[in-house]
Structure formats: structure tokens, C-alpha cells
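Subject: A structure for you to look at

Hi there,

Here is the structure I promised to pass on. Please open it and keep it beside you while you read.

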Amino acid sequence: MQRTLTGRGLRIGAIVAVFATGWLCGAVSQRTAEAQLGEVGKAVMDKAGEQGGSLGAAAKLGTSISDIQTNLDALQKNVDTLKTIKSLLGG
């Protein structure tokens with residue numbers, strides 16, 4: 001009887017360890033939510049923006065946010081380049 005309990009405890013422990021490892025890996029490598037529609041998505045958003053009303057306003061807002069994010073990414077890349085140059089010049 002005791003042998004059965006030890007085996008059962010090991011199995012439960014193994015299951016808990018596998019679950020905890022998976023949860024930890026998922027939490028560490030969590031990605032941000034991001035729409036990856038590309039040109040097709042942009043065309044759909046532009047078309048929806050032309051409709052007017054609340055749907056059109058939401059589509060325009062989504063397009064604007066996407067454009068702002070693209071510009072911010074480009075600016076951040078430029079800032080990183082300037083920081084690299086500054087550090088190379090000793091500043």
C-alpha cells in the first residue's frame with residue numbers, strides 16, 4: 001500500500017513540476033498583443049474609416065495608432081543610433 005502512495009505522489013509531483021515549468025516559460029516569454037495584418041489590414045481599415053459613424057471613427061483611430069507606433073519605432077531606432085555614436089565619441 002505504501003509503495004502505491006509513493007508512486008502516486010511522484011506522479012502528482014511530476015505533473016505539478018511540468019505544469020509549473022510550462023507556466024513559468026509562458027510568463028517569461030509573454031508577447032504583446034499586436035495586429036499583424038500588413039497591407040491587407042491597412043486597406044480594410046481605410047475602407048472601414050470611410051464608412052463614418054462609430055465604426056469609421058474606431059477604424060480611423062486604429063489606423064492613427066498604427067501610424068504613430070511605426071513613427072515611434074523609427075524615432076527610437078534613430079535615438080539608439082545617436083546614443084551609440086555619442087558613446088563612441090566619448091560623450
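Below is what I found in it, starting with the overall picture.

First, please keep in mind that this is a predicted model. The mean pLDDT of the protein is 78, with 74% of the residues at 70 or more. Confidence is lowest in helix α2 (residues 38-49), where the mean is 67, and highest in α3, where it is 85.

Of the 91 residues, 7% are buried. The accessible surface comes to about 8200 Å², and carbon and sulfur atoms account for 64% of that.

Next, have a look at helix α1 (residues 2-28), which is where you will find F19. Is F19 buried or exposed? F19 is exposed, because its relative accessible area is 62% and the cut-off for exposed is over 50%. F19 also belongs to a nonpolar patch on the surface, together with W23, L24 and V28. The accessible area of these four residues together is about 520 Å².

Then move on to helix α3, which covers residues 53-88 and has 36 residues. From its first C-alpha to its last, α3 reaches 53 Å, close to the expected 52 Å. Which residues of α3 are buried? They are G56, A59 and T63. Just after α3 you will come to G90, which takes a positive phi of about 90°.

Enjoy exploring, and write back with any questions!

Best wishes

Conventions:
Residues numbered from 1 in each chain as written. Predicted model: local features only at pLDDT ≥ 70, side-chain atom pairs only at ≥ 80, totals over all residues. Heavy atoms only, no water. Patch = residues over 30% accessible without salt bridge, like charges linked within 9 Å, V, L, I, M, F, W, Y side chains within 5 Å. Areas by Shrake-Rupley, 256 points an atom, 1.4 Å probe, with all protein chains shown as cover. Salt bridge = Lys/Arg side-chain N within 4 Å of Asp/Glu carboxyl O. Helix = DSSP H or I, 4+ residues; strand = E, 2+ residues; numbered from the N terminus. Buried < 20%, exposed > 50% of the residue type's maximum accessible area, 1.4 Å probe, protein only. Expected span 1.5 Å × (residues − 1). pLDDT = per-residue confidence, 0-100.
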